[in-house]
Amino acid sequence: MTKTSASPRENNFEHSLKRLQQIVETLEEGSVNLEEVMKMYEEGVQLSRICLEQLQEVDVKLKRLGKEIGGSFKLFDETLEE
Amino acid sequence: MTVSELTRRIKGTLEKGFPVAAVEGEISNYKQHSSGHLYFTIKDEHAQIQAVLWRSRAANLIFTPQDGMKIVARGRITVYEVRGVYQLDVVELRPLGTGELQLAFERLKQQLAARGYFDAGRKKPIPRFCARIGLVTSPTGAAIRDIVNIISRRWPSAELILYPVAVQGAGAAHEIAGAIRDFNAWGKVDVMIVGRGGGSLEDLWAFNEEVVADAIYQSAIPIISAVGHEIDFTIADFVADLRAPTPSAAAELVVPTRREMVEIVRNYCYTIQQIATARVVSEREKINGILRSHAFNRPIDLLRQYSQQVDELRRTLMMVVMNRLKSSREQWTSLDKRIRSVNPELILRRGYVIVRRNGEIIGSSKKLKPSDSVHLDYHDGRVPAVIQKQGAGHP
């Protein structure tokens, strides 16, 4: 029962956000040299942009988990009845 | 009369004589056959009767019967000829009042508590960003609607995976437990919401079943229970990693709001820019400080000192040269005087002459012969002369 990764776009968001947090913490510590500060600054600004872009997505995805003959799993599109 | 004939007559008599009976008693020897049919005995202090509940009717049960549970069973008496037994063919099985359900609830709660099912220490944390959210609920209930609505509004990039199950009736508990296990086998959700909308105690009963408790307990994926309204507490709520008072509340627990996240990301970005800018300013200050510092200015200082020294040296040198020139001139003047004092002209003025023959100065009388043409240089002019005769030494 291994837990595999979730959808990549979301993982990206979480990773981006974690990295962003890390950068903020490192910068706040103040123990890195100027060159690293500039690199982190560039990375941080880019990550922020990526995160904000991902937050633009609008439609929630609803799927249904079903089992096929033989026991393997398959995702189906699902819409709720009005 | 054969056994078959006798049995058939008993069967006819019994089945006509007891069309429908409602009987109260306690369940014992409860068994669920793999076919789905339920077999058990209903007893009181003095007697017992076999009972069967066919699978098709078991689906309408609101609870899973347990040994010791007091029930009311309604059904017909039938005779099972093959084994020569009579039994109650149960059409409806209900706990004896809600008090009995309450008792079953308390009994199971105590058992599971003793097994450590509710220990806070084994509760899994709910991820902050649930990308894929498994939903174990009815596809037609209020719960799924509420959850989809709220998540669409808060965190639309989430993916909702519904595992449709019946949420009430006897089969519901097994379906719910199966869905939880299937999500674990599939493994691709970050969290599960297990629940349903509000209803009576009987409606919610599936979530008080041991199979559901087991499945939740064994799940490797964090589970949020969301059963009924805020006042409803089920066994599932105690075992789940987190209890949400309602399905809507569960939806709010699994995802942040987009606005919240935008705010957080913007803050991070702002902080990074602030720190980086401040750092650049401070580094610039440092550099300026160095430029102004004595140490850094030393070369220029030295240069200035040297050039001053050079100026001084040059001045000194000029002085030396001038002095030399001056003394040289003085020397020359005195020499000139001395030279002037030995000038032959001065001698000539005293009456001496210089004798030259063809320009050559003749310094001795012996160099002259008779008839030599010479010149006599006086201080004021030249006179030609001819030698008459050989001289005879000094006069």
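What follows describes the confidence of the model, a helix of chain B and the interface of chains A and B.

This is a predicted model, in which local features need pLDDT of at least 70 and side-chain atom pairs count only at pLDDT 80 or more, while totals for chains, interfaces and linings use all residues. Residues are numbered from 1 along each chain as its sequence is written, with chains lettered from A and ligands numbered from 1 in the order in which they are written. The model scores ipTM 0.71 and pTM 0.59, and chain B averages a pLDDT of 87, with 96% of the residues at 70 or above (pLDDT is the predictor's confidence in each residue, from 0 to 100).

Helix H4 of chain B, residues 142–154, has 13 residues and reaches 18 Å from its first C-alpha to its last, close to the 18 Å expected at 1.5 Å a residue (1.5 Å times one less than the number of residues). Helices (H or I, at least four residues) and strands (E, at least two) are DSSP runs, numbered from the N terminus. Among the buried residues of H4(B) are B:Ile144, B:Ile147 and B:Ile151, where buried means that 20 or more other C-beta atoms, placed from the backbone, lie within 10 Å of a residue's own.

| Element | Residues |
|---|---|
| strand S6 | 132–137 |
| strand S7 | 159–164 |
| strand S8 | 191–196 |
| strand S9 | 223–227 |
| helix H8 | 247–254 |

At the interface, 44 residues of chain A are in contact with 39 residues of chain B (C-beta atoms, placed from the backbone, within 7 Å). H1(A) gives the most to the side of chain A that touches chain B, with 12 residues. Four bridges join S1(A) to S7(B), and these strands run parallel, pairing being assigned if DSSP finds at least two bridges.

Note on methods
Buried ≥ 20, exposed ≤ 12 C-beta atoms within 10 Å, placed from the backbone. Contact = placed C-beta atoms within 7 Å.
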